[in-house]
Amino acid sequence: MRGEHAGYACGAALGFLGDLIAADPRRGHPVAAFGRAAAAAERRLWRDHRGYGAVHTVVCAGGATAAAALVQRTVRTPAARAALTAVTVWAVLGGTSLGREARAVGEALTAGDLTAARARLPHLCGRDPQALDGPQMARAVVESVAENTSDAVVGALVWGALGGVPGLVAFRAVNTLDAMVGHKSPRYRRFGWAAARLDDVAGWPGSRLTAALTVLAGPDRRGALRAWRADGGAHPSPNAGPVEASFAGALGVRLGGTLAYGGRTEHRPVLNGAAPPPAVPDIERAVRLSRRVGVLALAATVAGRLAAGALRHRRRTR
């Protein structure tokens with residue numbers, strides 16, 4: 001059992017390194033394959049009804065998790081388990097791609113090319129780029145980097161430490177389903193309800209760890225903690241709120257406010273309201289903070305799994 005935990009630690013570190021080096025491929029990514037399968041299931045199951053949406057969520061997320069558990073059971077040797085963990089961690093993490101897309105928008109904004117920035121922004125978030133000017137796009141990028149640090153990095157590492165390969169796959173499947181059907185458009189208001197609520201539950205521990213690590217890693221620790229406490233609960237998302245608020249405080253910028261998303265306008269609470277809005281250079285600062293948080297999350301989750309394994313071993317040998 002101790003070897004199993006050490007194998008997970010080694011695999012998680014290798015997978016994290018793989019994401020740093022290789023990032024996400026343009027084609028043939030396992031998460032994209034899951035998305036296509038989920039879209040095919042949606043075409044068969046869609047009804048304007050919460051029950052059908054719940055069935056869709058169980059079929060897609062449950063099926064992916066069960067398949068991952070079956071594969072893990074068939075892998076016997078410690079080296080093979082570590083390799084499976086490494087490949088899975090690489091597949092579910094998206095930190096390097098997150099930074100790459102954020103920097104691409106930032107470079108276009110620095111060059112004054114709003115057309116290029118608007119063309120690239122949908123790779124990062126679902127907002128209507130045509131409704132945004134340069135400063136608004138900078139804000140959208142910083143907010144997306146903050147939220148996706150939790151969704152694309154920390155949350156996956158947390159569930160990997162808790163559940164191994166099935167935990168990694170389950171979290172990524174739930175998060176992907178939420179991105180596909182969890183928004184409040186007329187088509188998905190009922191059908192996507194189950195995916196959105198399950199994503200709220202799955203994202204809770206990762207978002208709190210992300211906020212805490214942002215306080216530790218940010219350039220303004222007091223500001224990050226203050227904004228998290230004051231404004232984290234005001235956001236309509238129970239998980240995005242603490243993360244975006246802590247990033248806002250750490251970077252000394254103001255986030256939140258009006259945005260255009262999915263064909264509708266939303267007025268979200270302002271986070272860290274006394275600070276100025278983000279400028280283009282804050283995109284790079286956000287990416288660097290995201291990377292530091294990711295590294296700390298890897299260390300914390302691996303250490304937590306090793307400590308839990310050691311504790312269980314000690315109890316068994318008494």
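What is the handedness of the crossing of helix 7 and helix 10? In the predicted model described here, the crossing of these two helices is right-handed. Helix 7, which spans residues 134–181, packs against helix 10, residues 240–251, at an angle of about 125°, and their axes lie 9 Å apart. Since angles from 65 to 115 degrees count as roughly perpendicular and those over 145 as roughly antiparallel, helix 7 and helix 10 are therefore classed as oblique to each other. On the side of helix 7, the contact is made by Val142, Glu143, Val145, Ala146, Glu147, Thr149 and Ser150, and on the side of helix 10 by Ala240, Val243, Glu244, Phe247 and Leu251. Sorted by class, the residues in this contact comprise 7 nonpolar, 2 polar and 3 charged.

Helix 7 also packs against helix 5, which covers residues 95–110; here the angle is about 175° and the axes are 10 Å apart. Helix 5 contributes Gly95, Leu98, Ala102, Val105 and Leu109 to the contact, whereas helix 7 contributes Gly134, Met137, Ala138, Val141, Ser144, Val145, Asn148, Thr149, Ala152 and Val153. The contact between helix 5 and helix 7 contains 10 nonpolar and 5 polar residues, with no charged residues. Val145 and Thr149 of helix 7 are listed in this contact with helix 5, and both are also listed in the contact with helix 10.

A further packing arrangement involves helix 7 and helix 11, whose axes come within 9 Å and cross at roughly 10°. With an angle under 35 degrees counting as roughly parallel, helix 7 and helix 11 are therefore roughly parallel to each other. The contact between helix 7 and helix 11 has 16 nonpolar, 6 polar and 2 charged residues.

The largest nonpolar core has 72 residues, of which Leu121, Val141 and Val145 touch the most other members. Helix 7 gives the most to this core, with 21 residues. Val141 and Val145 also take part in the contact of helix 7 with helix 5. When residues up to four places away in sequence are not counted, leucine 121 touches Val105, Pro129, Leu132, Met137, Ala140 and Val141; among these partners, Val105 belongs to the helix 5 side of its contact with helix 7, and Met137 and Val141 to the helix 7 side. Proline 122 is partly exposed, with a relative accessible area of 46%, and its C-alpha atom is separated by 23 Å from that of alanine 156, 34 residues apart along the chain.

Leucine 298 lies in helix 11 and counts as buried at 14% relative accessibility. Leucine 298 and alanine 12 are 286 residues apart in sequence, yet their C-alpha atoms are 7.7 Å apart in space. Apart from its neighbours within four places in sequence, leucine 298 is in contact with Ala12, Ala13, Phe16 and Leu157. Tryptophan 90, found in helix 4 (residues 78–92), is 72 residues from glycine 18 in sequence, with a C-alpha to C-alpha separation of 5.8 Å. With residues up to four places away in sequence excluded, tryptophan 90 touches Gly15, Gly18, Asp19, Ala22, Ala23, Pro25 and Pro30. Ala23 is likewise a partner of serine 97, which is in contact with Ala23 and Asp24 once its neighbours within four places in sequence are left aside. Serine 97 is located in helix 5 and is buried, with a relative accessible area of 10%.

A backbone feature of a separate kind concerns asparagine 272, which has a positive phi of about 60° although it is not a glycine. Asparagine 272 lies in the loop between strand 2 (264–271) and helix 11 (281–316), and, at 15% relative accessibility, asparagine 272 counts as buried.

Methods:
Residues numbered from 1 in each chain as written. Predicted model: local features only at pLDDT ≥ 70, side-chain atom pairs only at ≥ 80, totals over all residues. Heavy atoms only, no water. Axes fitted to C-alpha atoms, helices over the stretch in contact; angles between N-to-C directions. Helix = DSSP H or I, 4+ residues; strand = E, 2+ residues; numbered from the N terminus. Left-handed = near helix turned anticlockwise from the far one by under 90°. Contact = heavy atoms within 4.5 Å. Nonpolar A, V, L, I, M, F, W, Y, C, P; charged D, E, K, R; others polar. Buried < 20%, exposed > 50% of the residue type's maximum accessible area, 1.4 Å probe, protein only. Core = buried A, V, L, I, M, F, W, Y, C linked by side-chain atoms within 4.5 Å.
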